[in-house]
Amino acid sequence: MVASESTFIATRGSVKPFVNFNAKHDAEVLRKAMKGIGTDEDAILMLLAARSNAQRQEIKAAYKKAFGKDLVKDLRSELGGKLEDLIVALMFPSTIYDAHELHKAIKGVGTEDQVLIEILASRTCDEMKDIAKAYKKEYGSKLEKDIMGDTSGHYQRLLLILAQGNKEEGVDESRVEKDAKELFAAGEEKFGTDEDKFINILGNRSAEHLRRVFDAYKKIAGCDIEESIKDECTGNLEALLLAVVKCAKSVPGYFAESVRESMRRAGTDDETLIRIMVSRSERDMLDVRAMYKKKYGESLYSTIQEDTEGDYQKALLYLCGE
């Protein structure tokens, strides 16, 4: 199961492990690109965007061994702006990167709810468990405890359920119709909304099960579950429930939409753009690209070209792939 799952993830990524990889050689190329007057940004971004995350970790170790220096610190001091943010993000092991983004979202000024929603709604149960472990190790605090300290109400409750990574597996045939009816009764059919019912069903069932529930719901309610959520809920709870529904239907579809939103606002939301391009590049970027083209009639590649510039653009395009 695990082997086939990781193989599947690797084959749907735009970034693949580099063939004939040599960590020591790559470390030397990076050192040369940063040493002396001026920095060869091109050499840095071309090399790092074309290596898998595991290979980048090896390069980091080889760099330390050969030059006694911390590669990430050197990259930070040589690069600047959005390119620096993107390259440094690539250097995190993927699970630690998710933990880092969550910590930043919770511990910064105010709460970046968009980050919490995106990561907790889209990661698999196994990924969530690994992220929670990495979070504890990196920050000496439990992810659930920090979420509790920073959020409240029904929104907090659903975040905590998702953070535990304990969703049921498979489809329970006997419950599909029942879940659909309960969701209808909790929202469209009654005055006021029974948020707990939405949270329990959407937070605990598997994606396959939920897809069946949504089909049954549409027959009963005469509309998509998203429409009902928009009618019945508001604020962060609405945003989180919608993200859970979209991810149950299609994680690449959800990210195609999110990456579109990050670029199609007045000004680009570079933090979101970087996070999505980095975190999906080895998971399912090929599928995100296909969904993007299907939904918006243009390629993700051309949207990035229109919306960004310079070395930052080049690095994003490498991660996107043709």
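This is a predicted model: local features need pLDDT of at least 70, side-chain atom pairs count only at pLDDT 80 or more; totals for chains, interfaces and linings use all residues.
Helix 2 covers residues 23–34, and helix 3 covers residues 41–49. Their axes come within 9 Å of each other and cross at roughly 155 degrees. Angles over 145 degrees count as roughly antiparallel, and helix 2 and helix 3 are therefore roughly antiparallel to each other. The crossing of helix 2 past helix 3 is left-handed. On the helix 2 side, the contact is made by D26, V29, L30, A33 and M34. Helix 3 contributes A43, I44, L47 and L48. What classes do the residues of this contact fall into? Eight are nonpolar, one is charged, and none is polar.

The next pair is helix 10, residues 143–150, and helix 11, residues 153–164. Here the axes lie 10 Å apart, and the packing angle is about 170 degrees. That angle makes helix 10 roughly antiparallel to helix 11. From helix 10, the contact uses L143, E144, I147 and M148. From helix 11 come Q156, L159, L160, A163 and Q164. By class, this contact has six nonpolar residues, two polar and one charged.

How many cavities of 30 Å³ or more does the structure hold? There is one. The largest cavity contains about 40 Å³ of space. Its lining consists of L120, R123, T124, C125, M128, I161, L162, G165 and K167. Helix 9, which is 125–139, supplies at least two of the lining residues, and so does helix 11. The lining divides into five nonpolar, two polar and two charged residues.

Now to a pocket. The second largest pocket has a volume of about 310 Å³. Its lining has 17 residues. Which of them lie nearest its centre? Those are Q114, I117, Y254, S258 and E261. Three helices each give at least two residues to this lining: helix 8 at 113–122, helix 16 at 235–249 and helix 17 at 251–263. As for class, the pocket lining has seven charged, five polar and five nonpolar residues.

Helix 18 runs over residues 270–280 and helix 21 over residues 310–320. They pack at an angle of about 35 degrees, with their axes 10 Å apart. Helix 18 and helix 21 make a left-handed crossing.

The contact of helix 10 with helix 11 has two polar residues. The lining of the second largest pocket includes seven charged residues.

Notes: Residues are numbered from 1 along each chain as its sequence is written. Side-chain values use heavy atoms; hydrogens and water are left out. Axes are lines fitted to C-alpha atoms, for helices over the stretch in contact, and angles run from 0 to 180 degrees between N-to-C directions. Helices (H or I, at least four residues) and strands (E, at least two) are DSSP runs, numbered from the N terminus. Angles under 35 degrees count as roughly parallel, over 145 as roughly antiparallel, 65 to 115 as roughly perpendicular and the rest as oblique. A crossing is left-handed if the near helix is turned anticlockwise from the far one by less than a right angle, and right-handed if clockwise. Contact means heavy atoms within 4.5 Å. Ala, Val, Leu, Ile, Met, Phe, Trp, Tyr, Cys and Pro count as nonpolar, Asp, Glu, Lys and Arg as charged, and the others, Gly among them, as polar. On a 1 Å grid over the protein atoms alone, a cavity is a set of points where a 1.4 Å probe fits but cannot get out, and a pocket is an open set with protein on both sides within 12 Å along at least five of seven lines; lining residues have an atom within 4 Å of a point. Grid points are joined across faces, edges and corners, and a volume is the space filled by probe spheres set on the points.
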